[in-house]
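Work through the exercises below with the model open. Try each task before reading its solution.

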Amino acid sequence: MKKIKILIFCSITIFFFSCEKNQNDNEVIDCNHYHWGYDGDSSPDTWSTCYSDCDGQSQSPINIEGAIVDTSLSALNTNYQDVPIELNYNGHTIDFLYEAGSSLDLNGVDYNLIQFHFHTHSEHSINNNFSPLEIHLVHKDPITENLAVISVLFDEGSENEFLSKFIDNLPDTMDIPFNSSELVNVSDIFPENNGYYSYSGSLTTPPCSENVSWFVMKSTMEASVSQITKLQDKIKDNFRPVKSLNGREIKFFN
Ligand SMILES: [Zn+2]
């Protein structure tokens with residue numbers, strides 16, 4: 001009997017010591033059962049406990065200010081095809097899975113457009129101003145697997161024609177996607193002004209890998225209050241707070 005008690009005590013001790021301690025609120029986090037999120041026990045300030053890169057020095061998003069005009073930059077060279085609509089809810093956001101064949105050319109390297117997704121409110125801010133909606137277009141270099149993400153910020157205004165093609169069919173369960181054969185082209189969400197801010201950063205969700213070239217469009221687009229509300233109803237507050245710049249330079253193409 002005594003042996004069993006000692007065994008149980010040891011098992012419990014080993015269990016607790018194998019758990020990581022969260023420095024922020026002294027709660028014990030077991031990374032084997034940790035599901036990152038945006039509030040409570042899984043809020044962004046706990047992510048680095050189980051995903052060490054989230055504590056890195058080149059994290060995203062950031063507040064954009066003090067950008068420096070870089071005359072060596074040029075307009076973004078995108079080649080986006082018309083594709084059918086394929087929307088998935090992944091537990092954190094809604095992904096539009098973009099059919100293969102679209103890309104962003106960065107200095108002669110083709111980064112394939114994989115998907116775009118939504119954040120409400122925005123993750124990036126410009127001069128400390130947040131927008132109610134931000135869309136991230138995620139492109140990947142198939143060889144290095146480095147990412148290039150283009151961000152478009154949306155303010156409240158008139159109805160957005162591109163969003164209207166699927167805004168009433170947003171999925172909110174993981175196993176029920178929305179598909180439509182109607183063809184759309186994501187180039188339709190780009191502002192007329194092709195100015196952008198560029199900096200080196202990370203994924204804004206775990207594992208927070210620091211292999212992302214960011215391009216945040218300078219001009220915002222518009223979406224109606226009703227459209228923004230429909231997105232908020234599904235993915236409210238799925239934004240990571242801004243991270244320190246830590247000496248990184250923000251370049252500006254105007
Ligand atoms: Zn994102």
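**Exercise 1. Strand pairing.** Which residue in β11 is the bridge partner of N112?

The bridge partner of N112 in β11 is K140. Some ground rules come next. The model is predicted, so local features need pLDDT of at least 70 and side-chain atom pairs count only at pLDDT 80 or more, while totals for chains, interfaces and linings use all residues. Residues are numbered from 1 along each chain as its sequence is written, and side-chain values use heavy atoms, with hydrogens and water left out.

Now place the pair. Strands are DSSP runs of E with at least two residues, helices runs of H or I with at least four, both numbered from the N terminus. Two strands pair if DSSP finds at least two bridges between them. β9 and β11 have seven bridges and are antiparallel.

**Exercise 2. Other partners of β9.** Find how β7 and β8 pair with β9.

Step 1: β7 (residues 94-97) runs antiparallel to β9, with three bridges. L97 has Q115 as its bridge partner.
Step 2: β8 (residues 103-106) is also antiparallel to β9, over four bridges. Here L104 stands opposite Y111.
Step 3: Look at the turn. Two residues separate β8 from β9 in this hairpin, and N107 has a positive phi of about 50°.

**Exercise 3. The zinc site.** Which protein atoms are donors of the zinc ion?

Step 1: Take N, O and S atoms within 2.8 Å of the metal (3.2 Å for Na, K and Ca); water is not among the atoms, so sites may look incomplete.
Step 2: The protein donors are H117 (NE2), H119 (NE2) and H136 (ND1), at 2.0 to 2.1 Å.
Step 3: Locate them. H117 is in β9 (residues 109-119) and H136 in β11 (residues 133-140), so this pair ties together parts 19 residues apart in sequence. The spacing of the donors is H-x1-H-x16-H.

**Exercise 4. Helix α4.** Which residues of α4 are buried, and why are they on the same side?

Step 1: In α4 (residues 225-235), the buried residues are Q227, I228, L231 and I235.
Step 2: They cover an arc of only 95° around the axis, so they lie on the same side of α4. The arc is that of the directions from the helix axis to the C-beta atoms.
Step 3: Go past the helix end. D237 follows α4 and has a positive phi, near 60°.

Note on methods
Buried means under 20% relative accessible area, exposed over 50%, partly exposed in between (1.4 Å probe, protein chains only).
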